[in-house]
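Please keep the sequence and the model open alongside the text.

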Amino acid sequence: AEYMGDSRGAIKSYNQELAFHILSTGRSDMVVEAVRLLGHYGLNTANPVGMTAVMAAAVAGDAAILQAMLDLYQPDLNQSVPRDTQTNPNADADTAGWTAIHFAAAKGHHAVVQLLVERGASCHGDPRVTRATGVLSPLQLASANGCIPILDILLSNGADPLWSVTRKQRHLAAAESQPTLNSYALAAAHGRTDALKLLLNYPVAERNAKAKLTLEEVLSGETTLNIYARQALRREALREAMHYAGENGFTDSVILLREEGIPWTLPAWTQCMESAVTFANKSTQLALLRQFTSVETYVSQCGEVLPQVFALLRRSRNDAELFCLIGAVLARLYGKDPIAAIVPARRSTSVVIDPRFINVAESCDTKVTVQGAPVLLHKVVLLETQSDRLRLHAAPDYFSDIDDVSYDTFLLILQYLYGCNANDLLGRCTSKELVDMLHASTSYGLECLTLDIQVQLTRLLNPENVVTLYKIVRSLNLQDMLQYCLGFFLQNFPCLTQQDAFKRLCFKHSGKRTSDDFINKLQKVLSLRLGEIC
């Protein structure tokens, strides 16, 4: 009995294999014989990998043999490949849940798709499987392949481009951590511009009148979605499509979606700009820069755009329009938050004398000569300074004229050393006086005074004087003030683009690509700024 059972199983398996082979030859006259070999379930019989003869014909694109089968018999056109791997261990996991129309759409056989739809196949596949499991729909497969005839057939027969944007699908995708892309996103992600254009022209505000609703759709109430709800779903789907089109560098698809009013995302903008830079497409570069104000920027992504923007900045030496547009982009990336402030100095001195006693002979105990003019002061003040050069003047046998500082500047420095409040003293000084004091304080090594002067200069900084002050602090190698000026340049770039002095500053060293490259410094400061915000 056991032998006979094995024998019957082997014969059945052989007959099925022979039947599939006969049907694969395309012999329409052999259909009846092949179906007889398939046994009780006829054309609904699945082979070891879960495919029926109808599916096999769809894969092969053999519309003739398929029509012959459908003329003679009425197989279940919505039968799907089993998803149960325990009972069907040989089934392909990638095609589990697919019906014949899935295979035809995936292979691009539009004649087969047309025939299946005419004979009653669902444009969405097996309604018992697809909605419940998140299996891609035939329209999604055709969108990824970019097969226009199949898309046209499916859309005109009620296929829904918003298939994967339903609440259930989103919940399922999140649970499996595998995003199910909608048809728009699949077309955009694969660069199928013509397919995307066709999908965009299809009105999805209301379901097509020919749409065949599934029982689950009716029971779930999804057919009651009003026009506004479907428009919202469509916009969500197009935003997803924009993301994937930009991520994969398909500029044409991005432009199509922009024409639909979908806002830029930073990855999409960056990829398009990279493509425009690579192919030296100036008109596209200018158009992208003009639209940067509408880009949805997220600080965590901003670093990705910097290489393209600064590459363009280097090439804008002789292009005023490009230079101005890049300036607006850099200012937006830097943001309007305050520039990191320079921390004032912490002065520690045990001597505080009223500055009014300077040049008062009755109270002073030493004298220095500044550019030939005598200055009377207190020896203890000189001894308490950080400057070795000034301490030398407190020695009784040291006589040397101070000729590298003006008389008035030296008096201002003395007032600071005597303990005068830094904000009050420096706040009364003009920009020129502060710059003269800065030169003197760095020359004499008065670090606290140098730091306090820089703090005051940041308060006086404006687009008219920033280039001059930058050059001064660069010559003195004052890094705190340098970083502040670079931040000021970035934040106020648009109003600086018309200044010849600023243009010279940008392009003087850019060709050498040295460590002193001004544009390199701007890029580093902006990168640090974005990193701090993150």
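Glu33 forms a salt bridge with Arg36, their closest N and O atoms being 2.3 Å apart, where a salt bridge is a side-chain nitrogen of Lys or Arg within 4 Å of a carboxyl oxygen of Asp or Glu. The model is predicted, so local features need pLDDT of at least 70 and side-chain atom pairs count only at pLDDT 80 or more, whereas totals for chains, interfaces and linings use all residues. Residues are numbered from 1 along each chain as its sequence is written, and side-chain values use heavy atoms, with hydrogens and water left out.

**Salt bridges**

- Glu33 and Arg36 are 3 residues apart in helix 2 (residues 31–38), which means that about one helical turn separates them; helices (H or I, at least four residues) and strands (E, at least two) are DSSP runs, numbered from the N terminus.
- Glu33 is partly exposed, with a relative accessible area of 31%, while Arg36 counts as exposed at 55%; buried means under 20% relative accessible area, exposed over 50%, and partly exposed in between (1.4 Å probe, protein chains only).
- Asp29 forms a salt bridge with Arg27, with the closest N and O atoms 2.8 Å apart; Asp29 is exposed at 54% relative accessible area, and Arg27 is partly exposed at 43%.
- Asp354 forms a salt bridge with Arg356, the closest N and O atoms being 2.6 Å apart; here Asp354 is partly exposed at 26% and Arg356 is exposed at 68%.
- A search of the whole structure finds 11 salt bridges.

**Sheet and the helix across it**

- An open sheet of 3 strands has the order 2-1-3 with mixed pairing, and its edge strands, strand 2 (373–377) and strand 3 (401–402), each pair on one side only; two strands pair if DSSP finds at least two bridges between them.
- Strand 1 (residues 366–370) and strand 2 run antiparallel and are joined by 5 bridges, and Lys367 stands opposite Leu376 in strand 2.
- Helix 23 (residues 407–417) lies across strand 1, strand 2 and strand 3, running at about 10° to strand 2; axes are lines fitted to C-alpha atoms, for helices over the stretch in contact (heavy atoms within 4.5 Å), and angles run from 0 to 180 degrees between N-to-C directions.

**Helix 1**

- Tyr14 lies in helix 1 (residues 2–24) and counts as exposed at 52% relative accessibility.
- The C-alpha atoms of Tyr14 and Leu38, 24 residues apart along the chain, are separated by 9.7 Å.

**Nonpolar core**

- Of the 170 residues in the largest nonpolar core, Trp269 and Phe489 touch the most other members; such a core is a set of buried Ala, Val, Leu, Ile, Met, Phe, Trp, Tyr and Cys residues joined through side-chain atoms within 4.5 Å.
- Leaving aside neighbours within four places in sequence, Phe489 has contacts that include Val466, Val467, Tyr470, Phe502 and Phe518.

**Whole chain**

- The secondary structure of the chain comes to 31 helices and 3 strands, and buried residues make up 48% of its 534 residues.
- Residues 24 or more positions apart account for 67% of the contacts in the chain with a separation of 6 or more.
- The chain exposes about 26100 Å², with carbon and sulfur atoms supplying 52% of it; accessible areas come from the Shrake-Rupley method with a 1.4 Å probe, and for residues only the protein chains shown count as cover.
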